[in-house]
Amino acid sequence: MPPRTDTTDVDAIEVQPLKADSFGRIALMRGGDGLFVRRDLRHVPLWLRLPAWWLARREARGLERVEGLAATPQLLRWDGRRLDRSYMAGAAMYQRPPHGDRVYFRRARRLLQQLHRRGLAHNDLAKEANWLVLDDGAPAIIDFQLATRGNPRSRWMRLLAREDLRHLLKHKRTYCPQFITPVERRVLKRHSWLREAWFATGKPVYRFVTRKLLKWEDNEGQGPKP
């Protein structure tokens, strides 16, 4: 299914800015059908427009893969400059920590399994900002810019799915350590070659680009630190 390219809601008004960085501006908007979230690339610096567009298109394709899946954003429109997705009322995990909430992590694991069955690995779930605690206490996943699509039975996608699970279990160990099972502890201790390669090569490059070139720091998506 190709990305939706419906005419952008020209009457939409900004309700609240959510985030702004070198790859675009994200804001909560209100249109004719209610609230939605917009990623706007129109003010991205010229030298970053191609990677910003690539990331936004990747997010749009990831959202297509989760169409109809509860607790994930739904793609509303993507026109190459603005990406609109549905709004989910809640707070980031670091803003509303699920301390001792066994049910939250059980439901989060089930949600992750549904994601993987659709042939999608998120690849950025170490960031608490990408896990939501909805108003009813249920988990949700957002920000699919780095998501990978593929055959869920392939070795590569199974490896990526395992890394997604490890990141979820790390959050469970932080907020719900009394309910970590022996099997989950073994999963946490078993580091894949992908993780080792990332820490040895990818992460230093990522830090150099984000902190030195782009001059921003996201604290691994855990929110502002004192």
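Q: A helix (H or I, at least four residues) or a strand (E, at least two) is a DSSP run, numbered from the N terminus; which helix does that give arginine 106?
A: Arginine 106 belongs to helix α2, the run covering residues 102-117. Bear in mind that the model is predicted: local features need pLDDT of at least 70, side-chain atom pairs count only at pLDDT 80 or more, and totals for chains, interfaces and linings use all residues. Residues are numbered from 1 along each chain as its sequence is written, and side-chain values use heavy atoms, with hydrogens and water left out.

Q: How many helices and strands does the protein have?
A: It has five helices and ten strands.

Q: Why is arginine 106 called partly exposed?
A: Buried means under 20% relative accessible area, exposed means over 50%, and partly exposed is what falls in between (1.4 Å probe, protein chains only). Arginine 106 has 44% relative accessibility, so it counts as partly exposed. Arginine 107, also placed in helix α2, gets that label with 37%.

Q: Which residues make the nonpolar surface patch of about 230 Å²?
A: Val15, Leu35 and Tyr87 make it. Tyrosine 87 sits in the loop between β5 (82-86) and β6 (90-92); at 35% relative accessibility, it counts as partly exposed. The area comes from the Shrake-Rupley method with a 1.4 Å probe, and for residues only the protein chains shown count as cover.

Q: How do you know that arginine 109 and glutamate 184 meet in a salt bridge?
A: The test is a side-chain nitrogen of Lys or Arg within 4 Å of a carboxyl oxygen of Asp or Glu. For arginine 109 and glutamate 184 the N to O distance is 3.3 Å, which meets that cut-off. Arginine 109 lies in helix α2 and glutamate 184 in helix α4 (residues 182-189), so the pair ties together parts that are 75 residues apart in sequence. Glutamate 184 is buried at 7%, whereas arginine 109 is partly exposed at 31%.

Q: What other salt bridges turn up, and how many are there in the whole structure?
A: The search finds eleven. Among them, lysine 19 pairs with aspartate 21 at 3.7 Å, N to O; lysine 19 is partly exposed at 41% and aspartate 21 at 25%. Lysine 127 and aspartate 124 also meet at 3.7 Å, N to O, and both are buried. Arg38, Arg77 and Asp84 are linked in a network.

Q: Why does histidine 171 count as buried?
A: Its relative accessibility is 6%, so it falls on the buried side of the cut-off. Histidine 171 is in helix α3 (residues 155-175). Leaving aside neighbours within four places in sequence, its contacts (heavy atoms within 4.5 Å) include Met93, Phe105, Trp131 and Cys176.

Q: What makes the phi of asparagine 123 worth a look?
A: Most residues other than glycine have a negative phi. Asparagine 123, though, has a positive phi near 75°. It lies in the loop between β7 (120-121) and β8 (131-134), and 27% relative accessibility makes it partly exposed. Aspartate 143 has a positive phi of about 65° as well. Its place is the loop between β9 (139-141) and β10 (148-149), and at 15% aspartate 143 is buried.

Q: How much of the protein counts as buried?
A: Of its 226 residues, 46% do. The protein exposes about 12,600 Å², with carbon and sulfur atoms supplying 53% of that. Among contacts between residues at least 6 apart in sequence, 62% join residues at least 24 apart.

Definitions and conventions: Patches are made of residues with over 30% relative accessible area and no salt bridge: like charges are joined within 9 Å, nonpolar side chains (Val, Leu, Ile, Met, Phe, Trp, Tyr) within 5 Å.
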